Amino acid sequence: MIKLANAQLWVHDQDEALDFYTGKLGWDVRSDVTLPELGDFRWLTVGPRDQEDLSVVLMAIPGPPVMDGATAEQVRSLMAKGFAGAMFLTTEDVRASYEELKGRGVEFSEEPEERPYGIDCGFRDPSGNSFRLTQVRPDIGA
Amino acid sequence: MAPVPPARHLLRARDLADAHYREPIGVDDMARAAGLSRAHFSREFRRAFGESPRSYLLTRRLERAAALLRTTDYPVIDVCYAVGLQSLGSFTTSFTRTFGMSPTAYRAAYPPAAAYAHIPACFVRRYGRPVRKPASEQHV
């Protein structure tokens, strides 16, 4: 069986991202390893507490020779404009989750609204990556 | 920490329009969210996203109004208020100019809500947003 294990998001700053994903979103750190032999490459992954076999890689935008400066600048710009990545989350009670995250300082781009498929809202991480948080209508499944 | 790209502040202003379109917000509020003067903000916003902030806010409202017309049975006046617009007359005018038909005709042209696929709202928001003609953009 092929399973999804890790998915990658570019982030503007790994420390800032770590604060957000653990402190505000309430996720766990899965690994945080810096490798001097790889030019201090930092493998930083986080994930939802109750979903242990799936992690999100918070990847710093590299410099040369991994990525040339012009390309890195394009990625940075796309990310800052909100066009670099997106995640779709589900919850059993979106209004409770909304209040909880908002209380911890998450900036919402959309408040909970009724949709044909359930109730959902949207927010961003500090880098500009977009998240949707949905309470899926029970009769249609995720 | 790496300096924050200027576009990130512009995105915050754009998010304000997407999140608070129901309220009587305007370009001044968007400029404040980006931390820029209004004139500078409008110029930078257009450079980053290809349209004026005023147009972005209006098309957000019209896109949401169109979705409400398709997926609810709210009266047109309630749809107008629900998207943060105060005047039914100017709502009808903007809507008709943008979609090529009145709100009532638009609603009648679509099948009932239950017939739709369950597309996440962020895609409905992005792909359902009308494109306004440059000539009319001069007047907004």
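Author: Two strands pair if DSSP finds at least two bridges between them. Strands (E, at least two residues) and helices (H or I, at least four) are DSSP runs, numbered from the N terminus. This is a predicted model, in which local features need pLDDT of at least 70 and side-chain atom pairs count only at pLDDT 80 or more, while totals for chains, interfaces and linings use all residues. Residues are numbered from 1 along each chain as its sequence is written, chains are lettered from A and ligands numbered from 1 in the order in which they are written, and side-chain values use heavy atoms, with hydrogens and water left out.

Reader: Thanks, let's start with the strands. In which sense do β1(A) and β4(A) pair?

Author: One place to look is A:W10, which stands opposite A:M59 of β4(A). β1(A) and β4(A) are joined over 6 bridges, and the sense of their pairing is parallel.

Reader: How many of the residues of β4(A) are buried?

Author: Buried means under 20% relative accessible area, exposed over 50% and partly exposed in between (1.4 Å probe, protein chains only). β4(A) is largely enclosed by the rest of the structure, because the buried part of its 6 residues comes to 5.

Reader: What about A:A60: what is its relative accessible area?

Author: A:A60 lies in strand β4 of chain A. Beyond its neighbours within four places in sequence, A:A60 has contacts (heavy atoms within 4.5 Å) with A:W10, A:V11 and A:Q14. A:A60 counts as partly exposed, at a relative accessible area of 31%.

Reader: Which residues touch the most other members of the largest nonpolar core?

Author: Nonpolar side chains tend to be buried together in soluble globular proteins. A nonpolar core here is a set of buried Ala, Val, Leu, Ile, Met, Phe, Trp, Tyr and Cys residues joined through side-chain atoms within 4.5 Å. The largest such core has 24 residues, and those touching the most other members are A:Y21, A:L25, A:W27, A:L58, A:F123 and A:F131.

Reader: Which element gives the most to this core?

Author: Several elements of chain A each supply at least two residues of this core, including β1 (6-11), β4 (55-60), β7 (118-124) and β8 (130-136). With 4 residues, the element that gives the most to the core is α1(A).

Reader: Now the backbone. What is omega for the peptide bond from A:P64 to A:P65?

Author: Most residues other than glycine have a negative phi, and most peptide bonds are trans. A:P65 sits in the loop between β4 and α2 (69-80) of chain A. The bond from A:P64 to A:P65 is cis, with omega near 5°.

Reader: Is A:D40 buried or exposed?

Author: A:D40 belongs to the loop between β2 (28-35) and β3 of chain A. Its phi is positive, near 60°, although the residue is not glycine. At a relative accessibility of 52%, A:D40 counts as exposed.

Reader: Turning to chain B, how many helices are there?

Author: Of the 140 residues of chain B, 43% count as buried. Strands number 0 in chain B, and the count of helices is 9.

Reader: On α3(B), what arc do the buried residues cover?

Author: The buried residues of α3(B) are B:F41, B:F45, B:A48 and B:F49. They lie on the same side of the helix, because the arc they cover around the axis (taken from the directions from the axis to the C-beta atoms) is only 70°.

Reader: Then which residues are exposed on the other side of α3(B)?

Author: The buried residues of α3(B) pack against α1 (6-20), α2 (27-34) and α4 (53-71) of chain B. Just after the helix, B:G50 takes a positive phi of about 80°. On the other side of α3(B), the exposed residues are B:A39 and B:R47.
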